[in-house]
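Visitor: I would like to go through some of the terms used for this model and ask what each of them rests on.
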Amino acid sequence: MLKSLYDWTMRLAERPSAEIWLFVIAFIESSIFLVPAEVLFLPMAIANPKKVWRYGIIASVGSILGGVAGWMIGYFAFATIAAPVLEFYGKLDEFEAMKNGIDINLILLFLITSGAAHLPPLKVVTILSGVLHVNLLLFFVAAVVARGGKFMLLSWLFAKYGVSIRDFIEKRLNWLAGLAAGLLIAAYLVYLYLK
């Protein structure tokens, strides 16, 4: 499944409208959409490594602004917008469980882990931050660090290693995704243990 999605996004990455799609996907991923922006960012960076910093900025800005939109949905329109979206994705129960057992330190950790590797799902955390009235400036800074930092790191990797990283990613895509998820789950478990 990842391979067919990868092939589809490689074709999309070559279109003239790819940058617009990257911004749109990064924006809506942070508040209502299921597919992460990296699914388009990576093929675009592979297809055109000379524009990788531009792609990183587009994805960062889209994702950060989408996160703010998710926060606003949670803050102002949970019942009318967020609850039906979360229910559609089967995440409403997870959301309610998180809401009842979370403090500001954990929400900040979730902002970083979901921003870096979507654990828990980014849209759940952005909406939850609004529902819990997390300070918007603090939320914004966490989004800049997590999402902006992630896309800038990816941009740096592509700028430094160029097309040679393409083979590495294509051969180890499933392994890399599993490793990232495992590391973040381990960090969360350590946090729970230390708490």
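Visitor: Why is Tyr75 called partly exposed?
Guide: In this predicted model, Tyr75 has a relative accessible area of 34%, and since buried means under 20% and exposed over 50%, Tyr75 falls in between and is therefore partly exposed.

Visitor: And Trp71, why does that residue count as buried?
Guide: Its relative accessibility is 7%, and because the limit for buried is under 20%, Trp71 counts as buried.

Visitor: Why is the pair of Tyr75 and Phe76 called edge-to-face?
Guide: The ring centres of Tyr75 and Phe76 are 4.6 Å apart and their planes stand at 70°, and because planes over 60 degrees apart count as edge-to-face, that is the name the pair receives. Phe76 itself counts as exposed, since its relative accessibility is 62% and the limit for exposed is over 50%.

Visitor: How many aromatic pairs does this rule give?
Guide: The count comes to five, and ring pairs also link Phe41, Phe151 and Phe158 into a cluster.

Visitor: Why are helices α4 and α8 called oblique to each other?
Guide: The axes of α4, residues 52-76, and α8, residues 122-131, come within 6 Å and cross at roughly 50°; roughly parallel would need an angle under 35 degrees and roughly perpendicular one of 65 to 115, so α4 and α8 are oblique. The crossing in which α4 passes α8 is right-handed. On the side of α4 the contact is made by Ser63, Gly67, Gly70, Trp71, Gly74 and Tyr75, and on the side of α8 by Leu122, Thr126, Ile127, Ser129, Gly130 and Val131.

Visitor: What classes of residue make up the contact of α4 with α8?
Guide: The contact has five nonpolar residues, seven polar residues and no charged ones, with Gly counted among the polar residues.

Visitor: How many helices and strands does the protein chain as a whole contain?
Guide: Its secondary structure comes to ten helices and zero strands, while buried residues make up 44% of the 195 residues in the chain.

Definitions and conventions. Residues are numbered from 1 along each chain as its sequence is written. This is a predicted model: local features need pLDDT of at least 70, side-chain atom pairs count only at pLDDT 80 or more; totals for chains, interfaces and linings use all residues. Side-chain values use heavy atoms; hydrogens and water are left out. Axes are lines fitted to C-alpha atoms, for helices over the stretch in contact, and angles run from 0 to 180 degrees between N-to-C directions. Helices (H or I, at least four residues) and strands (E, at least two) are DSSP runs, numbered from the N terminus. Angles under 35 degrees count as roughly parallel, over 145 as roughly antiparallel, 65 to 115 as roughly perpendicular and the rest as oblique. A crossing is left-handed if the near helix is turned anticlockwise from the far one by less than a right angle, and right-handed if clockwise. Contact means heavy atoms within 4.5 Å. Rings of Phe, Tyr and Trp (its six-membered ring) pair if their centres lie within 6.5 Å; planes under 30 degrees apart count as stacked, over 60 as edge-to-face and the rest as tilted. Buried means under 20% relative accessible area, exposed over 50%, partly exposed in between (1.4 Å probe, protein chains only).
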